[in-house]
Amino acid sequence: MDDLLRDFLTETAENLDLVESDFVRFETEPRNDKILGNIFRLVHTVKGACGFLGLARLEAVAHAAETLMGRFRSGAIATPEAVTLILSAIDRIKEIMADIERTGLEPSGDDEVLISELDRQAAAAVPPPPPAELTPEQKTEATLGRPLKPGEISLDELERIFQEASGPEPVALAAPAANQNATPEPAKPAAAAAAGEETGKDQPSVANQSIRVGVDTLDRLMTMVSELVLTRNQLTDTVRKTGDETFQLPLQRLTHVTAELQEGVMKARMQPIGAAWRAFPRLVRDLSADLGKKIELVMEGGDAELDRQVLDLIKDPLTHMVRNCADHGLEGSAERVAARKPETGTIRLSAFHQGGYVIVEICDDGRGLNPDKIRKKAVANGLATQAEAERMTDQQVYRFIFAPGFSTADKITNVSGRGVGLDVVRANVELIGGSIDLKSAPGAGTTFIIRIPLTLAIISALTVVAGAAAYAIPQLAVLELVHAGARGEHRIEKVGDARLLRLRDQLLPLVGLKSLLSGDSVEDDFDDNALVVVAQSSDEAFGIVVDEVLHTEEIVVKPMASRLKHIPLFAGTTILGDGSVVLILDPNGLAQSVSETARDARVATTEEHTGKVGENSVVPMLVFRAGSGAPKAAPLALLTRLEMIESSKIEIADGRHVVQYRGSLMPLIRASDDLMLSQSGEQPLLVFSDDGRWVGLIVDEILDIVEERIEIGLGSSSIGTQGTAVIAGKATEILDVGYYLTLAFDDWLSRKDRMQETTPQTRILLVDDSSFFRNMLAPALSAAGYRVTPVDGGAAALALVQEGKTFDIVVSDIEMPEMDGFGLAAALRGEPATAQIPIVALSSLTAPEVIQRAYQSGFSDYVAKFDRPGLVATLNALSSDQRRAA
Amino acid sequence: MSHAADARRGFVTVEIAGQLFGIAIERVREVFAPERITRVPLSGEEIAGVLNLRGRIVTAIDMRVRLGRPRSDPTASRMAIGVEKSQEDFALLVDRPGDVIEMDASAIEPTPATLDKSWQAFIQGVYRMEDRLMLILDVDRAIGADELAEAA
């Protein structure tokens with residue numbers, strides 16, 4: 001059952017008890033307006049909440065009861081029959097609620113008899129005709145027998161409030177244009193007797209299972225947990241330095257407890273994002289009336305949860321976006337009809353989890369943005385030159401609307417269009433570490449995409465060194481780490497004054513952290529051999545050149561001191577395990593300092609590269625826990641076996657852990673830096689094998705094997721991980737197995753290097769649209785001694801071949817967008833350079849006709865996608881054939 | 001000054017670039033030896049950096065620089081006066097702290113017009129001791145909260 005519903009049940013149970021007792025009192029004191037006012041407020045709350053939660057049956061009953069009570073308020077005599085009827089309506093509401101509590105669903109059933117009886121009584125209870133020309137106050141006086149006291153609400157006021165609440169029947173609303181949103185059908189008459197009649201009255205009530213805790217208490221708890229995490233980090237750091245074994249076991253326990261406590265408190269602070277949306281139906285209804293447009297609001301995924309602090313901060317920007325859609329996005333009715341669109345415009349709000357973020361999309365089906373108009377305006381505002389504006393893609397042009405003072409509204413309305421807005425929204429979203437982007441199609445509408453981090457307080461961060469000091473970079477912004485070298489695959493290129501990193505098929509602008517922080521922007525602080533942190537700001541990917549990369553750890557974000565808040569490069573401060581204070585870099589602030597020349601150079605040399613944010617792949621994954629932090633997962637297909645070994649059998653040789661395994665020493669690698677080996681009992685191991693070599697990855701606990709469609713978030717690749725995916729509802733780090741293999745096999749790799757002098761490496765072109773598979777296979781194939789060039793599609797592969805790059809073997813996926821594997825194979829067979837070389841198909845499709853078609857298109861071999869040993873064996877056979885032929 | 005004539009006021013005395021200053025004792029949270037100050041690049045000249053004081057982030061202000069005096073020898077030992085402003089922690093770096101002294105509020109004289117112009121803004125008054133003059137420091141000005149308000 002979702003929390004919103006649970007809250008509703010708890011609250012309504014309390015309210016109903018009050019209503020009941022108040023109503024009974026009202027029967028004895030029919031002239032006591034105070035009681036009546038109370039009852040109305042309570043019933044109104046119940047009815048409103050039902051409408052919001054889409055509980056049609058409850059709403060219909062509450063509404064009918066309310067109508068009858070309305071008669072009493074207008075002065076009709078509360079007959080005992082009528083009061084009994086209302087009390088029985090309350091009983092019905094309770095029965096339905098008890099059912100909801102049990103099953104999470106509103107039970108089906110027929111309330112027609114009850115409702116029609118309520119309606120009949122309401123019609124019968126005719127209020128005495130009010131004296132003709134009385135002012136509201138006088139009227140109140142008439143009923144009350146005295147003037148209103150300060151703070152009392154006149155009955156007319158109550159009546160107005162009451163009328164404004166939307167009911168099950170289309171009551172005459174102030175703005176008829178907006179009543180289409182909440183008119184649930186009254187429960188249909190059905191032959192079945194009310195199913196909700198016999199409810200489990202023995203069930204414990206939710207009201208007794210949950211307690212309300214002050215937000216202050218939770219915040220204080222969070223602060224204390226943060227301190228605990230710091231202390232834990234400090235202890236771990238000390239133990240790591242001294243190598244004192246006696247603390248390892250208690251420390252390991254502390255680590256687990258802290259992690260669980262942290263998770264628990266975080267969870268307690270979570271609120272559904274729908275809480276921030278509650279006011280929107282009303283907002284849209286009002287906007288609809290103000291603007292004279294018919295607007296329907298659709299909200300989806302309101303149960304996606306966020307830290308309440310984040311939720312508070314995101315409320316205003318979201319409200320602004322909804323206003324913006326209603327005012328700018330949607331056309332007037334006449335324009336819509338003329339454009340052959342439904343007269344009623346739709347604003348769609350949806351939210352879902354992705355990686356460590358909640359993605360909120362605000363979508364309208366309005367006129368869309370006009371790129372030419374924005375181009376003109378951008379030039380007029382001096383944001384771009386005419387030439388620049390013309391060279392930009394529409395997508396780039398659209399982003400100008402986030403610039404300060406930019407408004408394309410022709411006329412200023414009282415809703416929006418005053419040029420304050422989207423830039424403020426963007427600033428607010430970025431302030432909490434989120435980002436905002438948009439998509440638009442002329443005539444079809446605009447979608448804003450807001451990425452919001454789940455929580456602010458504790459984040460995972462990469463510590464880097466520049467100059468004499470260390471800095472933390474939020475892990476969510478880090479895409480990967482690259483060691484650029486003059487002769488390596490990733491080169492630093494100079495275009496004019498700007499330096500760019502060539503990363504696969506992309507050119508990324510670079511910022512030198514040292515010079516940036518010293519304030520001298522031109523200083524040459526890095527050469528061609530540089531360590532680059534590839535980071536993602538809200539706009540673009542870029543490289544940060546650092547001196548050294550230390551490690552990743554969970555840090556507690558402390559806000560920047562007020563005197564230092566104006567520096568855009570820093571997002572906050574944190575205290576590391578050793579007690580030192582480290583500044584947290586703000587990726588968006590850093591991106592601002594990417595020089596214009598670098599940006600231009602990049603635009604000029606690369607086509608718009610639209611990196612995919614996430615990819616869907618069905619992959620069986622082994623989920624396990626290692627160290628603190630998120631659970632980790634590795635593709636099951638890469639794993640050779642799972643072992644439990646006696647802790648006492650783990651030996652230390654040459655400074656590393658090894659174990660006797662199958663007659664030889666198997667190197668052991670810890671799957672996380674802060675993982676502590678258990679002192680006794682058994683230690684779980686993931687065993688990988690490669691070419692007769694074995695390596696064991698030490699983990700704390702095997703959690704599960706899942707086979708589901710996972711989405712790999714782009715955000716958090718770092719050393720040893722490929723990214724973050726949500727598995728079984730939890731953010732999970734995907735292990736980069738290749739990285740750990742090379743950790744264990746470094747001597748083996750260097751032996752391969754020596755071998756290389758006599759046998760040239762076989763060059764492999766690896767084509768797969770999924771970066772997940774590229775990242776998984778490339779290191780594994782490199783470790784097997786091949787020189788791998790990964791590309792993300794058929795077109796890119798073909799381009800490389802046509803450029804004159806030579807490859808010995810092509811390995812390609814079949815299913816790819818645009819040019820698929822069949823198309824690529826056929827095209828490669830048409831190129832002289834690749835007409836003869838082996839092309840290996842790699843696919844999860846195993847239907848015979850697909851394989852048949854692959855061979856017809858020109859593939860020479862077909863390997864199942866997860867069969868890495870099979871792939872390596874095939875490649876070995878092919879390359880040795882080639883060498884013999886040569 | 002609206003203090004009654006017999007009101008007593010206490011000050012922590014500190015020495016900055018050879019001059020004696022008094023800091024109202026009710027503003028001083030503690031006196032400590034600052035350790036491991038992290039420089040904040042691109043921050044104001046007078047910001048010595050940030051440091052960790054029992055889990056709280058403290059902004060350290062170099063009072064020598066703040067008062068327009070040359071930065072002290074980096075190896076020289078310094079002390080910090082911990083103060084709080086709007087629930088934020090600051091540390092005023094001084095050359096050395098001295099005694100706590102108490103006096104009648106009425107003994108505080110207005111800042112003489114002859115005082116160094118660049119110091120006028122930071123000084124609330126002076127107190128004549130037997131052998132020297134103690135300048136009473138305006139803590140909020142020293143922190144620079146006013147400038148911040150102006151900038152905002």
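This is a predicted model: local features need pLDDT of at least 70, side-chain atom pairs count only at pLDDT 80 or more; totals for chains, interfaces and linings use all residues.
Helices here are DSSP runs of H or I with at least four residues, strands are E runs of at least two, and both are numbered from the N terminus. Axes are lines fitted to C-alpha atoms, for helices over the stretch in contact, and angles run from 0 to 180 degrees between N-to-C directions.

Who does the touching? On the H3(A) side the residues include A:Leu58, A:Val61 and A:Phe72, and on the H4(A) side A:Ile86, A:Ile93 and A:Ile100 are among them; contact means heavy atoms within 4.5 Å. By class, this contact has 15 nonpolar residues, no polar ones and two charged. Nonpolar covers Ala, Val, Leu, Ile, Met, Phe, Trp, Tyr, Cys and Pro, charged covers Asp, Glu, Lys and Arg, and the others, Gly among them, are polar.

Further along chain A, helix H9 (residues 215–242) and helix H10 (residues 248–269) have axes that come within 10 Å and cross at roughly 155°. H9(A) and H10(A) are therefore roughly antiparallel, and their crossing is left-handed. A:Leu221, A:Val225 and A:Arg232 are among the H9(A) residues in this contact, with A:Leu254, A:Thr258 and A:Arg269 among those of H10(A). The contact divides into 14 nonpolar, five polar and three charged residues.

Now for the partner. Chain B puts 23 residues in contact with 22 residues of chain A. Together the chains bury about 1,800 Å², 64% of it on carbon and sulfur atoms; that is the accessible area (1.4 Å probe) lost on putting the two parts together, summed over both. B:Pro41, B:Leu42 and B:Ile57 supply 30% of the area that chain B buries against chain A, more than any other three residues.

How confident is the predictor? The model scores ipTM 0.88 and pTM 0.43. Chain B has a mean pLDDT (per-residue confidence, 0 to 100) of 84, with 91% of its residues at 70 or more. Over residues 148–152 of chain B, though, pLDDT is below 50.

Residues are numbered from 1 along each chain as its sequence is written, and chains are lettered from A and ligands numbered from 1 in written order. Local features need pLDDT of at least 70 and side-chain atom pairs 80 or more, while totals for chains, interfaces and linings use all residues, and side-chain values use heavy atoms, leaving out hydrogens and water.

Key. pLDDT is the predictor's confidence in each residue, from 0 to 100. Angles under 35 degrees count as roughly parallel, over 145 as roughly antiparallel, 65 to 115 as roughly perpendicular and the rest as oblique. A crossing is left-handed if the near helix is turned anticlockwise from the far one by less than a right angle, and right-handed if clockwise.
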